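Colleague: Before I rely on any of the labels attached to this model, could you take me through the grounds for each of them?

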Amino acid sequence: MGKKCVDLVKIALFLLLLICFVSLLDRILANGTDNHKYLFRDFYDAPADEVDVVYMGPSSAGWSWNPAVAYHENGVGSQLLTSERLPADAFPYLLKEAALKRPKLYIIDAEQLLGSLSGDFAAVQSVLINLRRSANRQDAASDMLENYSKEEQQVRYLPLLYFHNRWKEVSRRDFEPVDYDFMGFSLRSVQGSEMPQGREQLEAPPQELSKEHVENLEEVLRVCGQLDGKVLFMIAPNDGGSAGAYSSIRGRVEAAGFDYLNASAYLEEIGMEPGDFEGGRHLTVYGAEKYTTWLSGWITQTYGLKDRRAEAGYQEAQRYEETYQAYQKEKIGRGVMFGKYLETILNPRYSVLLAVRDEASQGLGEEILQKLRQFGLEQTPAGRYRASYYAVVDQGNLLLEQATEAESNEMLHASGTLADGTPFILQSAGWNAGNYASIIVNGIEYAVNARGINIVVYDNLTKEVIDSVAFDTCVPELTAVRGIPKQEELEVELSALSEPKEEGTAWNAPGNLMIPEGHLVNIHVPDSRSAKALQVFLDADDRYQIQFCIQEKIHTVYTVSQDTEKKGLREVSLDLSADGVMEFDSIRIVPVQRNGGCSVGCLSMQI
């Protein structure tokens, strides 16, 4: 009897482990047209008594409503239930699923009531694989999979059966949300130029809906009638291409006793402007932030929602705020529209360091100049063709700013500390002054070093650099460039450069250290040294930075300009005693402007 019990326990444990293993594989391999499983998991994990609003719809909903912004600005606790190209006939089942959280308000993206009715299998399975296993899910599957093959209907019971061959496609996104998803909000639309259609779309005469769409809308309204909370049928700002159909939806919705709102009637109140709308049905991240702020305030007043920010013991408070901060950081790091970018970083939380390379004036229009002046900048690169320019705005205050005259051959250099003690070094060289930009913060080079205005943003709260970008303000497109140039290091001992050289020695003479394109020289100094002066022989027709470092952090920078009159090596002497005794454990020689090959002859120090 005892052995049978042990065997039964073993069998039970094996089956349990097998179920857990299959369930795990199912969660990993199941994937729709766009992976929304983390969005749905957020919804299911949220405490039911803390969700006041559930916003349902397709991608346009997930690109319009930002739960973190709704909470941060107006204290609204909300969740998204969205999926890519959501079938219109999925709404009745999403409404029933949303009811699990007992929200005060259900928001339906009414635009999608005109969408496909289970005619897109990828969109159908994207909903079904993310719904929890329940009678509601089975009802949705029976309805929405009716006309699909037996193979496709496998997603109804075990998505693993349909997705079993996805192994080669598995990526990071199968194990964690990607860095542009914030509680379901998608921070992907970062560039736009159009404006949505305004009040004129409200005047469009009603357009007859198809029989199938009418039947689906009637089913949606029937389910809405069974809900305890309020229901709002919402039209986000859009291009107005379906304005007549919206009028028909409005008539049926209001006749059934539910609320309807078209945000295109409130573009001025929302603050919409060019750059907030991508076109079609999507807002940019900037438009979405304005829309969410406006709508969350409107529904708070209209439906008497609590301000959850003032509620002690609100479990989700920390998560909302952490998500909001992460969203703001990512928004800055993805910004590509110069005007919108400047608006985002115009915040005392950030310190902003700017340095010009080459030419930065010709693309500056009055709108951008106004935004630059809002930082407190007094000179700006405007009207200074190929000038050198730098500025530092520290916690909202102009700390440093300097500009040369147009086409000057003067390179600008500055160093100092931010309010929190973080050291920085700036160098700006217009075309005639050397054609480069350098922004070193806390000993690390962050400048993209591209044409135009190079910008580094330092977060004073987290004590870190959160973005580095260059906007090409030489051209009207104001193109954004990211990617700090990576230079490979040639590791050299000081003794390897001890053999004396004479001025005029050929730059490529035997014994010289050649510096390949994309490389810098890192010279190790035994123990930590202090020195009063340094002599180094460098290829005369190139420009260099000489950086003195401690534990790989740059603390002092000298610039060696070109001397095109000389051939071969020339001697460069640096007086290091101006600021007292300088200590360092390595010296970097960085070519910043090449005229062919670069080389170092020898280096010596006066202790």
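This is a predicted model: local features need pLDDT of at least 70, side-chain atom pairs count only at pLDDT 80 or more; totals for chains, interfaces and linings use all residues.

Modeller: Residues are numbered from 1 along each chain as its sequence is written, and side-chain values use heavy atoms, with hydrogens and water left out.

Colleague: What makes up the protein chain in helices and strands, and how many residues does it have?

Modeller: The protein chain has 607 residues, with 15 helices and 28 strands, where helices (H or I, at least four residues) and strands (E, at least two) are DSSP runs numbered from the N terminus. Its C-alpha atoms fill a box of roughly 90 × 80 × 50 Å along the principal axes. The accessible surface, from the Shrake-Rupley method with a 1.4 Å probe, comes to about 26600 Å², and 49% of that belongs to carbon and sulfur atoms.

Colleague: Why is Leu342 called buried?

Modeller: Buried means under 20% relative accessible area, exposed over 50%, and partly exposed in between (1.4 Å probe, protein chains only). Leu342 has 3% relative accessibility, and therefore counts as buried. Over the protein chain, 56% of the residues count as buried.

Colleague: What does Leu342 touch, and where is it placed?

Modeller: Leu342 lies in helix H14. Contact means heavy atoms within 4.5 Å, and, leaving out residues up to four places away in sequence, Leu342 touches Ile368, Lys371, Leu372 and Phe375. Leu342 and Lys371 are 29 residues apart in sequence, yet their C-alpha atoms are 6.6 Å apart in space. For the protein chain, 74% of the contacts with a separation of 6 or more are between residues 24 or more positions apart.

Colleague: Why is H14 said to be largely enclosed by the rest of the structure?

Modeller: Seven of the eight residues of H14 are buried, so the helix is largely enclosed by the rest of the structure. Those buried residues are Phe338, Gly339, Lys340, Tyr341, Leu342, Thr344 and Ile345, and their cover includes helix H12 (285-303), helix H13 (317-334), E10, helix H15 (366-374), strand E17 (452-459) and strand E18 (464-471).

Colleague: What makes helix H5 count as mostly covered?

Modeller: Helix H5 (residues 91-98) has seven buried residues of its eight, namely Phe91, Pro92, Tyr93, Leu94, Leu95, Glu97 and Ala98. Among the elements that cover them are helix H2 (37-45), strand E1 (53-57) and helix H9 (211-224).

Colleague: How do you know which residues line the largest cavity, and of what class are they?

Modeller: On a 1 Å grid over the protein atoms alone, a cavity is a set of points where a 1.4 Å probe fits but cannot get out, a pocket is an open set with protein on both sides within 12 Å along at least five of seven lines, and lining residues have an atom within 4 Å of a point. By this rule there are three cavities of 30 Å³ or more. The largest cavity has a volume of about 40 Å³, a volume being the space filled by probe spheres set on the points, which are joined across faces, edges and corners. Its lining consists of Leu342, Ile345, Val352, Leu354, Leu372, Phe375, Leu377, Val393 and Ile455. Ala, Val, Leu, Ile, Met, Phe, Trp, Tyr, Cys and Pro count as nonpolar, Asp, Glu, Lys and Arg as charged, and the others, Gly among them, as polar; the lining of the largest cavity thus has nine nonpolar, no polar and no charged residues. Helix H14 (338-345) and strand E10 (350-358) each supply at least two of the lining residues.

Colleague: What is the volume of the largest pocket, and what lines it?

Modeller: The largest pocket holds about 750 Å³ of space. Its lining has 29 residues, of which Glu445, Pro485, Gln487, Leu520 and Val590 are the closest to its centre. Strand E27 (582-593) is one of the elements that give two or more residues to this lining, and E27 gives the most, with five. By class, the lining has twelve nonpolar, nine polar and eight charged residues.

Colleague: What makes the pairing of Asn74 and Ser296 a polar contact?

Modeller: A polar contact is a pair of N or O atoms within 3.5 Å; within protein, one must be able to donate a hydrogen and the other to accept it, and residues adjacent in sequence count only if both atoms are side-chain atoms. The side chains of Asn74 and Ser296 are joined by such a contact at 2.8 Å. Asn74 itself is in helix H4 (residues 67-74).
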